[in-house]
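Hi everyone, thanks for coming.

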Amino acid sequence: STATNPKLWAMAAVHTTKADMYVRLWCPKELFEALKQRVHIWMATSEKYKQELLKRFRYWRNLAIDNSEAVQLWIDAGAGFGGIMSLAVDTERSTCSNQDDEDRIRAEIEQV
């Protein structure tokens, strides 16, 4: 795991419109490990992702009193739950191509 590398002080979570990083169980696992090690996590996006995210936020912002309410409305509406433009993710839906890896990662996460 790169997140358990003692020399690692930051990592980037890269979001694009081409793939949802949370579909692969290894991605949330690496983020989980980074958080445990207090590694800084930076969000990086493609320009297309950023523009689509802003477009969706503006939709909810127009219905809300403030930014916090807009985000909550977006989450309550599903926020594309489990999709590329999600504000909430469900790692129970994430998978690994190797079943042994998937079983091991799930066991580690469920211990927490």
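Let's start with helix H1 (residues 26-36) and helix H4 (residues 99-110): their axes lie 11 Å apart and the two pack at about 35 degrees. Before I go on, this is a predicted model, where local features need pLDDT of at least 70, side-chain atom pairs count only at pLDDT 80 or more, and totals for chains, interfaces and linings use all residues. Residues are numbered from 1 along each chain as its sequence is written, and side-chain values use heavy atoms, leaving out hydrogens and water.

Helices here are DSSP runs of H or I with at least four residues, strands are E runs of at least two, and both are numbered from the N terminus. An axis is a line fitted to C-alpha atoms, for helices over the stretch in contact, and angles run from 0 to 180 degrees between N-to-C directions.

Which residues bring H1 and H4 together? From H1 we have Trp26, Lys29 and Glu33, and they meet Asp101, Arg104, Ile105 and Glu108 of H4; contact means heavy atoms within 4.5 Å. By class, that makes two nonpolar, no polar and five charged residues. Nonpolar covers Ala, Val, Leu, Ile, Met, Phe, Trp, Tyr, Cys and Pro, charged covers Asp, Glu, Lys and Arg, and the others, Gly among them, are polar.

Now look at Lys29 in H1. Is Lys29 buried or exposed? At 4% relative accessibility, Lys29 counts as buried (under 20% relative accessible area is buried, over 50% exposed, and in between partly exposed, with a 1.4 Å probe and protein chains only). Leaving aside residues up to four places away in sequence, Lys29 touches Ile105 and Glu108.

Arg38 sits in the loop between H1 and strand S2 (40-45). Arg38 is exposed, at 75% relative accessibility, and has a positive phi of about 60 degrees although it is not a glycine.

Next, the other helix pair. The axes of H2 (residues 47-63) and H3 (residues 67-76) come within 8 Å and cross at roughly 110 degrees, so H2 and H3 are roughly perpendicular (that label covers 65 to 115 degrees; under 35 is roughly parallel, over 145 roughly antiparallel, the rest oblique). Their contact includes Phe57 and Trp60 of H2 and Val71 and Trp74 of H3.

Last, the cysteines. There are zero disulfides, meaning pairs of cysteine sulfur atoms within 2.5 Å. The sulfur of Cys27 is 9.5 Å from its closest cysteine sulfur, in Cys96, too far for a bond.
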